[in-house]
Amino acid sequence: MSSPKNPSTLKDVATQYLRDAVGRQDAEFRDGQWESIAQAVSGHRVLVVQRTGWGKTMVYTIATRLRREEGAGPSLMISPLVALMRNQELAAEKLNLTARRMTADNYDDWADIYEELESDDVDILMITPERLANVTFFSRVLSKIKLGIGMLIIDEAHCISDWGHDFRPDYQRIRRIQKLIPEGAAIVATTATANNRVVEDVQKELGGDIPVTRGSLIRHSLELHNLRLTDPQVRLAWIAQVVPHLPGSGIIYVLTRKDADLVAEWLKSQKIDAHAYYGNAGERDKLEKALLANELKVLVATIALGMGFDKKDLAFVIHYQRPGSVVHYYQQVGRAGRGVEKAYGFLMWGNEDEQIADYFLSNAFPPQHEINQVLKVLEDVEGGLTVPEIMFQINLKGSRIEKILKLASLESPAPVIWEMGAWVATGEAEGFEISQDKIRRLQEIRNREKEQMRQYMDHKGCLMAFLQRALDDQTAGRCGKCRNCQGKMNQSYQPRAELVSEAKQFMGKRKIFIYPNQKWPASNLSEHEIHESETIKPEYRAKWGFVLCRAFDGNLGDRILRERRFRDHYSDEIVAAFIAMIKKRVSKFQYITYVPPHEGKKHIPLLAEAVANELDLNLITTASRTGIGGRQSAQKNPVQRARNAADAFVIDYAVEAPTILIDDLIVSGWTLTTLAALLRYDGCHAVLPAALVKRTLSE
Amino acid sequence: MIWPLSDDTNTALLLCAWLGGEDVYLPLEIQEYNTLEQWLLQNGYRPGNLIQPSCAEAAAQATGLGSDRLTALLGRSITLGFYLEEWQRKDYWIIGRRDVHYPKRICQFLQESAPPVLFGMGDRQLLDQSATAVIGPDQVMESSNQHAREIAELCVRHDRTIIAAGKQTLSAAVVESGLLSGGSVIWVIQGPVFGESLRKLFRRAKAAGKFLMLSGRSPADRRPIPQEPEVGRIAVALCDSVMYVDGTELSGDRYCMEDAVYSVLEQRNCFVRSFGQATAAAERLTHGGANPWIEVEMAIHEGLFEDRAEIIQGELLEDDHPDHEIEPTYLEIPASSKDLDSIEEAEEEDCEIEERAIFEGKATSGSGKRQQGGIQLDLFEQIPAEDGDEANTGSSEKEGADDSDNSSRESSGEYGIQGSLF
């Protein structure tokens with residue numbers, strides 16, 4: 001609890017901090033800024049709803065500085081993204097505050113941070129909400145903070161709300177935590193993107209009488225354009241044509257990592273300095289800094305680069321696919337034009353968007369019977385299981401299992417707990433049921449958000465006003481700048497035909513590798529010696545292989561999947577493309593064999609025969625199916641797939657010479673890995689896998 | 001309801017709970033907290049009022065606890081909020097000494113040294129049931145463990161809750177045996193109980209409402225404590241009778257079980273079982289009035305499992321409690337006659353003889369008065385009943401009626417036994 005100070009003196013001090021931070025001695029607080037700081041300094045709660053760039057960071061950094069000067073402990077900040085924290089570190093530095101983050105990517109610094117916490121040298125400690133799940137970690141952190149946490153900062157507070165567009169399960173934990181904090185503790189919650197319903201919900205969670213500062217969400221510098229370009233090659237061509245002419249640097253948002261790689265590689269091939277950026281990219285920090293310093297023209301990013309990334313002169317944001325909701329879109333496009341007079345936001349969408357959106361929707365919440373499956377497995381063991389161990393026992397995707405465990409572990413009391421490196425059932429596991437009402441309610445919200453996004457794409461009026469209204473901004477009016485306000489609704493955005501053709505070729509020629517697996521996903525998959533150890537012995541491994549194309553690429557990949565399903569052989573065009581790939585990339589192999597098909601299927605033998613004839617290779621039928629196991633497509637996780645493939649084949653005819661092993665569809669790769677290992681076990685010197693199309697387990 | 005916590009319990013946690021990392025301003029010791037609480041009550045406040053700076057300041061000055069210290073401890077509210085979330089998610093319940101659910105037996109027996117806050121996990125109703133503590137020092141012989149297991153099984157057969165205390169092999173044997181036999185167990189330990197609760201046997205028993213773990217220390221308190229007398233004292237406070245299983249002269253007694261049993265010799269039926277040469281601890285207990293282990297046949301008498309007095313929930317400082325008007329009264333529950341038919345009848349007749357002896361209790365009188373060496377002890381004076389709990393609202397008339405049915409006690413005297421284990 002802080003002792004009250006003379007408010008006018010305090011405001012003078014705070015104003016000086018503001019001026020020092022922004023480097024302008026005539027700077028004054030914006031409407032609501034000082035009031036919010038004063039609330040926090042006097043140990044109260046405040047909710048700040050303001051557009052990005054308004055200066056929310058200034059509220060809690062100055063409040064932290066003032067509270068620290070009064071002897072309070074450091075502030076703890078819960079922030080959803082690492083990218084956000086990096087900017088906040090810089091903002092804190094300007095106020096001579098020491099901000100530290102403890103995230104998965106700076107683990108090596110943790111020992112130092114613990115020491116700094118112990119000696120009270122950290123002013124703001126930043127963590128992601130997920131970090132709160134690690135009790136051992138969190139207890140250790142708290143134990144180092146001798147004065148106790150002085151202020152709690154909840155960044156992107158709309159995530160607290162169930163109604164929020166960013167359903168981050170771990171925010172539920174924050175929701176409960178702040179309710180359990182006795183009165184008289186300073187809490188600053190901030191958000192830029194919350195409509196009335198979300199604001200009310202967050203307000204309710206933080207205490208009904210919490211003061212709210214709220215401002216207009218319009219970004220005057222932003223010129224919005226919606227582009228209906230459904231084919232991926234057309235969108236790629238358009239980007240390549242337009243980006244070089246756009247000022248400064250920008251971000252291209254995509255929905256999947258696969259697309260981030262595709263777009264970045266394409267732009268690089270067009271001599272545009274682009275890099276892919278997504279969740280686990282090791283170079284995220286370096287790439288962000290490069291973009292901040294305008295050393296990059298464009299970052300191609302998933303949602304991982306979103307909330308809080310603060311580059312004042314970001315000149316454009318392009319959406320290669322449509323985001324999940326209007327609020328997401330506002331948030332992402334709002335990265336641009338914070339500190340420049342003119343910036344662009346281009347929204348494109350494609351045929352694949354609907355499918356991806358539906359996938360995310362359908363996978364958002366697991367059904368009760370799957371929850372029961374996971375909990376039952378955990379209940380039956382002593383000491384708990386890891387996700388791969390659970391995957392071994394039940395036929396569910398790893399990501400699905402993780403989601404179930406995550407959601408269940410956030411319940412209070414929780415039916416499962418992460419303890420000592422494993423998921424363990426608690427006494428609450430038996431009979432645990434997730435609230436289906438709640439799930440239904442959230443799914444309805446997601447569906448409404450999806451529908452609203454569709455309306456936005458077809459909107460004929462002012463695009464900025466649509467976004468503002470969606471966020472309940474009462475100041476919404478005609479922006480006069482967007483494509484619709486400028487009367488360009490019917491203007492064509494078609495790129496040059498030759499560039500479209502080049503993009504199509506690029507998509508067809510991209511090298512897709514089959515990485516030789518080095519470890520089985522579980523031990524003792526079968527009694528065969530190839531499964532003797534979890535590590536696949538080098539003498540049983542396949543070589544690097546190749547795949548012709550990806551599934552759902554809007555091109556050849558889609559055709560292959562269609563023909564695989566509806567025809568009894570592949571068309572000449574597909575066969576020719578496959579032969580061309582083998583011819584180009586494989587030499588010194590004189591034998592070719594194939595994955596034995598299921599009964600009645602001839603696609604693969606015919607394909608192999610065509611390749612053998614064309615390339616003058618010896619076609620051999622080395623393996624047959626044992627009849628053990630089910631269809632690989634019914635197996636939902638890699639462990640089940642490896643297990644299913646483990647006893648599925650037998651080698652009838654051993655071959656010593658290096659052999660090409662072909663399949664039409666590769667998903668987890670365990671069929672090819674297993675057959676390659678069996679062939680090599682029987683004396684084959686080298687096995688090179690090749691496939692027509694690659695699909696991921698989630699596709 | 002335990003959650004949300006009352007303001008008083010929240011404040012008690014802020015002041016007394018070790019949350020880790022404390023070395024500048026240490027949490028209050030029990031005596032310090034008692035002094036503070038007493039001052040607050042005398043001045044028309046409650047602990048929850050300390051959130052007001054003026055109240056905290058005045059309390060700090062009057063009690064000499066130091067303003068800086070109290071302010072720092074009360075300023076841990078955000079940190080505590082994080083811990084509370086974790087504890088709630090792990091299904092702990094937390095009871096403050098001023099909560100109506102705080103176990104009355106602990107208040108009554110430990111008085112001012114009752115922990116300001118109790119942390120538990122499992123069905124709290126177990127705290128109200130007939131219970132036998134089976135405790136002993138560290139490092140007992142296997143024969144002692146075996147004896148403890150057998151006692152636990154007997155308790156289960158006679159529908160008695162078992163109380164184990166501390167983390168030694170003996171307790172583990174008692175807890176396991178009790179739960180495997182399908183019984184109910186209270187395990188009093190110090191520090192975090194959650195890790196223990198994850199064992200398959202324990203989590204299933206907890207889910208079935210048959211397992212409760214209890215601690216007076218915050219789960220975040222990682223301080224090593226060489227001796228933990230509180231564990232033994234809580235265990236004997238909660239029980240109706242005690243079986244002390246002797247160790248060897250080399251046995252340590254981390255949890256001060258011997259002292260705990262000694263302190264309760266007047267109020268509980270205490271038995272001591274030694275194997276071979278009795279240790280000095282066992283000698284001390286038997287000299288103090290504990291019953292040396294006897295052949296069970298000798299303990300047979302009528303009314304073996306009938307009647308027990310029960311201490312019900314209430315509040316330690318009821319006179320000061322502004323919210324709950326609790327009438328101080330003699331506590332007593334009408335005899336709940338045990339239906340012997342429900343016990344596994346004929347084929348167990350022989351062992352029943354033995355069991356009956358073991359399960360005779362000093363506290364089994366319907367009067368709520370325990371007999372020790374021919375002296376009637378009124379143990380339940382001034383114990384309030386819960387509002388609306390008519391069954392527990394005793395009266396002197398009823399006492400008289402039940403006193404007339406005390407033949408079992410007399411018969412135990414015929415055999416020269418001063419009490420019986422249960």
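**A helix of chain B and its setting**

Author: The buried residues of α13(B) are covered by elements that include β7 (241-245), α12 (257-263), β8 (269-273) and β9 (291-292) of chain B. The model is a predicted one, in which local features need pLDDT of at least 70 and side-chain atom pairs count only at pLDDT 80 or more, while totals for chains, interfaces and linings use all residues. Residues are numbered from 1 along each chain as its sequence is written, and chains are lettered from A and ligands numbered from 1 in the order in which they are written. Helices (H or I, at least four residues) and strands (E, at least two) are DSSP runs numbered from the N terminus.

Helix α13 of chain B runs over residues 280-288, and its buried residues are B:Ala281, B:Ala282, B:Leu285 and B:Thr286. Seen down the helix axis, these buried residues fall within an arc of 125 degrees, so they line one face of α13(B); the arc is that of the directions from the helix axis to the C-beta atoms. A residue is buried if 20 or more other C-beta atoms lie within 10 Å of its own, exposed if 12 or fewer, and partly exposed in between, with C-beta atoms placed from the backbone. The face of α13(B) turned away from the buried side carries two exposed residues, B:Ala280 and B:His287. Just after the helix, B:Gly289 takes a positive phi of about 125 degrees.

Two residues are in contact if their C-beta atoms, placed from the backbone, lie within 7 Å. B:Tyr244 is also, together with A:Val188, A:Val263, A:Val300, B:Ala235 and B:Val261, among the residues that touch the most other members of the largest nonpolar core, which has 236 residues. Apart from that core lies another, of 77 residues, among them A:Tyr540, A:Ile582, A:Leu678 and A:Leu692. A nonpolar core is a set of buried Ala, Val, Leu, Ile, Met, Phe, Trp, Tyr and Cys residues joined through C-beta atoms within 7 Å.

Chain B is divided into domain 1 (1-89), domain 2 (121-293) and domain 3 (318-414), with bounds that come from an automatic or database domain assignment. The C-alpha centres of domains 1 and 2 of chain B lie 31 Å apart. Their contact takes six residues from domain 1 of chain B and six from domain 2 of chain B. On the side of domain 1 of chain B that touches domain 2, five residues are nonpolar, one is polar and none is charged. In this count Ala, Val, Leu, Ile, Met, Phe, Trp, Tyr, Cys and Pro are nonpolar, Asp, Glu, Lys and Arg are charged, and the others, Gly among them, are polar.

Chain B as a whole has 16 helices and eleven strands, and 57% of its 422 residues count as buried. Among contacts in chain B between residues at least 6 apart in sequence, 77% join residues at least 24 apart.

Chain B also meets chain A: 34 residues of chain B are in contact with 35 residues of chain A. On the chain B side, α4 (67-74), α5 (77-89) and α10 (200-207) each supply at least two residues. The most comes from α5(B), with ten residues. The residues on this side of chain B divide into twelve nonpolar, ten polar and twelve charged.

Along its principal axes the C-alpha trace of chain A spans about 90 × 65 × 45 Å. Within chain A, strand β6 (residues 186-191) holds A:Ile187, which counts as buried because it has 23 C-beta neighbours inside 10 Å. A:Ile187 lies 6.4 Å from A:Val46, C-alpha to C-alpha, although 141 residues separate them in sequence.
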